[in-house]
Amino acid sequence: MLDYAALEALAAVVREGSFERAARRLHVTSSAVSQRIKQLEERVGQVLVQRGTPCTGTDAGRRLCLHVEQVALLENQLRRTNPDLLPDAPAPAPTLKLAVNADSLSTWFMEAMAAFTAGGNELLDLRIDDQEHTGERLREGEVIAAVTATGTAIAGCNTWPLGTMRYVAATSPDFAARHFADGVTPAALARAPIMIYDRKDRLQDLWMQAHGLASRTQAPRHFLPSNFGYVRACEIGMGWGMHPTVLIDRQLQDGTLVELLPGRTLDVPLYWAHPRSAQQALDRLTQCVMGAARRWLEPGAT
């Protein structure tokens, strides 16, 4: 049997980033936390924490933290459904670490979170990343579940299709008139500034490639990692960019934003994935996620 006091110390260090903060969270001394982790590392025969600023979990350490998280979820569920079995076992509400892309978080995933938190006492700790990279966070054991564009199998995980997020290339009417007066061509796109969310954002390039508009010359690029700021930057004519239709429906309706090429969309299939071992513990969250996705996303992911 694993020492769960030591596992709790490990999870606290990885979560808090230092032995001192973990000790304060657990109401013990730093030396006690260090001793517990040292004994656990001796027990499993490998390093579990990379000491540094901040401290991080090794691959094995993150896997054990994921195990602790799953156990906490199952015990919390048991405590809620069968309180007589654990009458003298008060415990803090468990925290679920999830990876979600920014566009989902700004739209449909908020509804899933609201439904989930309204039905229980679990807490959420979200990591925002590009949909093509959230699956990697799941593989590495950094999170317990993820919204991802990875439809291929992730080792040890179950994956469900959620639907498709539809994107359009849009900008302000003035920007469109200024840069595309003679049409949306590869040459014009090579000169017009593009709004990019962050260095992982490939949607603009994928849209140009999908519609035969790619150029050998890279256009000037603004980087703005804020969904609200990104939309606002396009509204005021800083550049053009890719937007989820569910996020800018109002702007398209009132003409604040216009499509570069109406009807030329880019569809990104999304999936929900989590470890098979956590299926029972995450069943309620999965139902909330699937329900919200059905109401917001386009059908089409397979």
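The largest cavity in this predicted model is lined by Thr 164, Met 165, Arg 166, Pro 244, Thr 245, Val 246, Trp 296, Leu 297 and Glu 298, where a cavity is a set of points, on a 1 Å grid over the protein atoms alone, at which a 1.4 Å probe fits but cannot get out, and lining residues have an atom within 4 Å of a point. Strand β6 (residues 157-171) supplies the largest share of this lining, three residues, strands (E, at least two residues) and helices (H or I, at least four) being DSSP runs numbered from the N terminus. By class, the lining of the largest cavity comprises five nonpolar, two polar and two charged residues; Ala, Val, Leu, Ile, Met, Phe, Trp, Tyr, Cys and Pro count as nonpolar, Asp, Glu, Lys and Arg as charged, and the others, Gly among them, as polar. The space in the largest cavity amounts to about 40 Å³, a volume being the space filled by probe spheres set on grid points that are joined across faces, edges and corners, and the count of cavities of 30 Å³ or more comes to one.

Residues are numbered from 1 along each chain as its sequence is written. Local features need pLDDT of at least 70 and side-chain atom pairs count only at pLDDT 80 or more, whereas totals for chains, interfaces and linings use all residues, and side-chain values use heavy atoms, with hydrogens and water left out.

The largest pocket (an open set of points with protein on both sides within 12 Å along at least five of seven lines) has a volume of about 980 Å³. Of its 31 lining residues, Glu 8, Ala 11, Arg 15, Val 68 and Ala 72 lie nearest its centre. Helix α4 (59-81) is among the elements that each supply at least two residues of this lining, and its contribution of nine residues is the largest share. The lining of the largest pocket contains 14 nonpolar, six polar and eleven charged residues. The second largest pocket holds about 250 Å³ of space and is lined by 20 residues, with Ala 102, Asp 103, Tyr 197, Asp 201 and Asn 227 nearest its centre.

The structure holds 20 salt bridges, each defined as a side-chain nitrogen of Lys or Arg within 4 Å of a carboxyl oxygen of Asp or Glu. One of them joins the side chains of Glu 132 and Arg 202 (3.1 Å, N to O); Glu 132 lies in the loop between β4 and α7 and Arg 202 in the loop between β7 (194-196) and α10, so this pair ties together parts that are 70 residues apart in sequence. Glu 132 is partly exposed, at a relative accessible area of 36%, and Arg 202 is partly exposed at 39%. A network of salt bridges links Asp 125, Arg 127, Asp 129, Arg 137, Glu 142 and Lys 200.

Methods:
Buried < 20%, exposed > 50% of the residue type's maximum accessible area, 1.4 Å probe, protein only.
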